[in-house]
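The sequence and structure come first.

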Amino acid sequence: DEALQREIQAAFRTDEIRRAQPTPQDEMRYGMNYIHETIWKGVPKFLRRVDTALKNIGIDERLPYDAPLIKFSSWMGGDRDGNPRVTPEVTRDVCLLARMMAANLYIKGIEELMFELSMWRCNDELRARADELDGASRKVVKHYTEFWRQIPTNEPYRVVLADVRDKLYNTRERMRHLLSTGFSEIPEDATITNVTKFLEPLELCYKSLCDCGDKTIADGSLLDFMRQVSTFGLSLTKLDIRQESDRHTEVIDAITTHLGIGSYRSWPEEKRQEWLLSELRGKRPLLSPDLPQSEEVADALGTFRVLAELPR
């Protein structure tokens, strides 16, 4: 087979040793490639096998699309325990990259659904949503390959899915802007910011198909896509943010020393807990602008600032 021969020859002529050390961002890209190439399509296939297994034991219902059967997590760009190369900026980049890559995959899936769901018959709820979206001014968007002109209202599923695609496109572009310049003119409310809002129009399409006697169609690619959204979320994986606990002790110790109330590091556990709980209940800011910070303290505080600023 010539294709196999080409793959073997290309691998044989590839350098076995990396001449440049990969960055944490590179590591994240390599890891996400596994999701794109294998896991992305493997999840709905596996869940369909679960459906079949349930049917074989007499349960004639499909597994709910949002059943938390599979979840993925990653440490790439988040595990800073003993790895000084994972900085707050790296964590920020990795989170934005993951969102951008997820939006890319979802845009492709939505466009495939737009091809499939060409039906005109729908329930009243979907019809009302399609009419509402059609009434809103929508510019001709030429950055899409297909369905870039105004979609007629006699294709209600495509009208609703086109709105989802627009928001996914804005999500991807906003992440790209934030990644490259730290700023985007695309407002956050023009993007998809949580899974619930993402699933709502998909659920609307699914229910409409079932109400109109098209459950067979609903349980096809649309169900697979909803399962992907429920499993992978907006960033494909959850990112584990890890740090050695002594680093956090060092941060709190710097704060208490600056406040003149003693050394947190030397306090017994009971006093530590008592003080932390009182601060959580209090309303005054814990950090002051003139807090002296070592490189390690600044890195830990910077990580928390990045996490607070990132889109959720």
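## After the helix

Just after α8, Gly260 takes a positive phi of about 75°. Helices here are DSSP runs of H or I with at least four residues, numbered from the N terminus. The model is predicted: local features need pLDDT of at least 70, side-chain atom pairs count only at pLDDT 80 or more, and totals for chains, interfaces and linings use all residues. Residues are numbered from 1 along each chain as its sequence is written, and side-chain values use heavy atoms, without hydrogens and water.

## Helix α8

At its start, a side-chain oxygen of Glu244 comes within 2.9 Å of the backbone nitrogen of Asp246.

Buried residues (under 20% relative accessible area, 1.4 Å probe, protein chains only) in α8 are Thr249, Val251, Ile252, Asp253, Ala254, Ile255 and Thr256. Their cover includes α9 (269–281) and α10 (295–309).

## The two domains

An automatic or database domain assignment divides the chain into domain 1 (23–239) and domain 2 (246–309). Their centres, taken over C-alpha atoms, are 39 Å apart. Six residues from domain 1 and five residues from domain 2 make the contact (heavy atoms within 4.5 Å).

The domains bury about 390 Å² between them, 71% of it on carbon and sulfur atoms; this is the accessible area (1.4 Å probe) lost on being put together, summed over both. Arg80, Pro88 and Thr91 supply 79% of the area that domain 1 buries against domain 2.

Technical notes:
Buried < 20%, exposed > 50% of the residue type's maximum accessible area, 1.4 Å probe, protein only. Helix = DSSP H or I, 4+ residues; strand = E, 2+ residues; numbered from the N terminus. Polar contact = N/O pair within 3.5 Å; in protein donor to acceptor, adjacent residues only side chain to side chain. Buried area = accessible area lost by both parts, 1.4 Å probe.
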